[in-house]
Amino acid sequence: MVSPLIEGGQTLTDFVRGLTSPLPWTMIVELFRQICAAVNTVHDRQVIHRDLKPDNVMYVGTVHGFPHGLVLVLDFGSARRNNNFAAVDGTTPLGTKPASI
């Protein structure tokens, strides 16, 4: 897998810690929408990230077409491909308990 070089961004953790005032709710919703869209895209390809957390999301800032800022989901090192999303035994895909994902 080859990833692009991303310059000028910071993790979502660092971005939030550096805030001096609350974010507008419209910005929060837009950033969350982008994270959900990224996760949905990899799920459509039968891939599970398995380590989604603020440290693995990069806030790039305002770029063309993204007035509230752009976020990117990073670090797919723990990701696994799964062809069976229909678990029936109370576990999540890959047979893991929800708390361990």
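Two strands count as paired here if DSSP finds at least two bridges between them. With that in hand, welcome to this structure, which is a predicted model. The protein chain has 101 residues, and its secondary structure comes to 2 helices and 5 strands. Read along the sequence, those elements follow the pattern β-α-α-β-β-β-β. The points below go from the confidence of the model to the sheet, the core and a few individual residues.

**How confident is the model?**

- The protein chain averages a pLDDT of 80, and 77% of the residues score at least 70.
- Among the helices and strands, which has the highest confidence, and which the lowest? Helix α1 is highest, at a mean of 93, while strand β5 (residues 80–81) is lowest, at 79.

- Three strands form an open sheet in the order β1-β3-β4, with antiparallel pairing. The strands β1 and β4 stand at the edges with a single partner strand each, so one side of each is left without a neighbour in the sheet.
- Strand β1 (residues 10–11) is joined to strand β3 (residues 57–63) by 2 bridges, and the two run antiparallel. Within this pairing, threonine 11 stands opposite methionine 58 in β3.
- Strand β3 also pairs with strand β4 (residues 66–73), again in the antiparallel sense, over 5 bridges.
- Where do these bridges fall? Tyrosine 59 has valine 71 in β4 as its bridge partner, and valine 63 has phenylalanine 66 in β4.
- The strands β3 and β4 form a hairpin with 2 residues between them. Glycine 65 sits in the turn of this hairpin and has a positive phi of about 90°.

**The helix across the sheet and the core**

- Helix α2 (residues 25–44) lies across β3 and β4, and runs at about 35° to β4.
- Which residues make up the largest nonpolar core? There are 9 of them: Leu12, Phe15, Met27, Leu31, Ile35, Val57, Tyr59, Val71 and Val73. Helix α1 (12–17), helix α2, strand β3 and strand β4 each supply at least two residues of this core. Helix α2 gives the largest share, 3 residues.
- As a general background point, nonpolar side chains tend to be buried together in soluble globular proteins.
- Leaving out residues up to four places away in sequence, isoleucine 35 touches Leu12, Leu52, Val57, Val71 and Val73.
- Over the protein chain, 27% of the residues count as buried.
- Among contacts with a separation of 6 or more, 64% link residues 24 or more positions apart.

**Salt bridges**

- How many salt bridges are there? The count comes to 2.
- In one, the side chains of arginine 33 and glutamate 30 meet at 2.9 Å, N to O. Both residues lie in helix α2, 3 residues apart, about one turn of the helix. Arginine 33 counts as partly exposed because its relative accessibility is 43%, between the cut-offs of 20% and 50%.
- In the other, the side chains of aspartate 51 and lysine 53 meet at 3.8 Å, N to O. Aspartate 51 is partly exposed, with a relative accessible area of 24%, and lysine 53 is partly exposed at 37%.

**Two residues to look up**

- Is asparagine 56 buried or exposed? Asparagine 56 lies in the loop between β2 (47–48) and β3, and is buried because its relative accessible area is 6%, under the 20% cut-off.
- Leaving aside residues up to four places away in sequence, asparagine 56 touches His49, Asp51, Leu72, Val73, Leu74 and Asp75. Among these is Asp51, the aspartate that meets lysine 53 in a salt bridge.
- Glycine 9 lies in the segment before β1 and is partly exposed, with a relative accessible area of 28%.
- Neighbours within four places in sequence aside, glycine 9 is in contact with Met58, Tyr59 and Val60.
- Glycine 9 and valine 57 are 48 residues apart along the chain, and their C-alpha atoms are separated by 9.9 Å.

Terms used: Residues numbered from 1 in each chain as written. Heavy atoms only, no water. Helix = DSSP H or I, 4+ residues; strand = E, 2+ residues; numbered from the N terminus. Contact = heavy atoms within 4.5 Å. Axes fitted to C-alpha atoms, helices over the stretch in contact; angles between N-to-C directions. Core = buried A, V, L, I, M, F, W, Y, C linked by side-chain atoms within 4.5 Å. Buried < 20%, exposed > 50% of the residue type's maximum accessible area, 1.4 Å probe, protein only. pLDDT = per-residue confidence, 0-100. Salt bridge = Lys/Arg side-chain N within 4 Å of Asp/Glu carboxyl O.
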